[in-house]
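Have the viewer open as you read.

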Amino acid sequence: MTDLKYKHNDEAIQAQLVLLPRWKVAAFGIFLLERAAPNFYRFQADTGAFGGGVIRGALANAWTFIESGNPKPCELVTEAACDFIAPDTEAYVSIYTSSALDAAGISSNLLSYIDGGPISLIVKAASLRRDSIDIFLQLIGDTNPASANFESTLSDHPKMQEELRFQDNDILFFNSIHHEQITNWNKVVLYSSNANYLHIGNTN
């Protein structure tokens, strides 16, 4: 068992993403959203709120871009729709509310990036994904922001380490395949299909 500890650093993520072609950066954002989506669906199950279809539509938009290289062929939803479904955290008591808010933000950022936005949108999406875990761990009592070692406890928590490992490994994967989209997008599909994201955030 490795003692490697993964660290989060927005500047380091940006420095690595800027070396990738646009379609790979979008795929990195897709993976973030695929990990964020399950807790949005759990939020729906808890509250009866709508919006899961918008999240799925955002993923469909993004995957169509990966397959085709064209940001416009499958516009099922818009960034505005993603922003609209973001829940008011004071209006719901579900443990998944904050995670749902972050998932909506990630979906909006992803679509904005595909539509020509700056790479900082995807860097922010990665940060939102980590924020989701931060708040979730506080809510279930695994971390306490008032404790003296809060930052190290949070960073070293298995769920946070898992997400940091995902983000690190995703970038390593993109660096391992050729930059040409037309002959390599299917490798990204395989990588995603082999991932097990449905357990993310599950308290069971």
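## Ground rules

This is a predicted model, so local features need pLDDT of at least 70 and side-chain atom pairs count only at pLDDT 80 or more, while totals for chains, interfaces and linings use all residues. Residues are numbered from 1 along each chain as its sequence is written, and side-chain values use heavy atoms, with hydrogens and water left out.

## Overall fold

The chain has nine helices and zero strands. Helices here are DSSP runs of H or I with at least four residues, strands are runs of E with at least two, and both are numbered from the N terminus.

Of the chain's 204 residues, 50% are buried; that means under 20% relative accessible area, with exposed being over 50% and partly exposed in between (1.4 Å probe, protein chains only). Take the contacts (heavy atoms within 4.5 Å) between residues at least 6 apart in sequence: 72% of them join residues at least 24 apart.

## The nonpolar core

In soluble globular proteins, nonpolar side chains tend to be buried together. A nonpolar core is a set of buried Ala, Val, Leu, Ile, Met, Phe, Trp, Tyr and Cys residues joined through side-chain atoms within 4.5 Å. The largest one here has 52 residues, and Leu17, Phe28, Ile30, Ile66, Phe174 and Val188 have the most contacts inside it. At least two of its residues come from each of α1 (10-17), α2 (22-47), α3 (52-68), α5 (97-114), α6 (120-139) and α8 (158-176). The largest share, 13 residues, is from α2.

Leaving aside residues up to four places away in sequence, Phe174 touches Leu20, Lys24, Ala27, Phe28, Phe31 and Val188. There is also a second, separate core of five residues, including Ile133, Leu137, Leu154 and Leu164.

## The largest pocket

The lining of the largest pocket has 12 residues, with Lys7, Ile13, Gln16, Leu164 and Asp168 nearest its centre. α8 gives the largest share of that lining, four residues.

## A loop residue

Thr89 sits in the loop between α4 (79-84) and α5. Is Thr89 buried or partly exposed? Its relative accessible area is 41%, so Thr89 counts as partly exposed. Not counting residues up to four places away in sequence, Thr89 touches Thr97, Ser98 and Leu101.

Methods. 1 Å grid on protein atoms, 1.4 Å probe; cavity = no way out; pocket = protein on both sides within 12 Å on 5 of 7 lines; lining within 4 Å.
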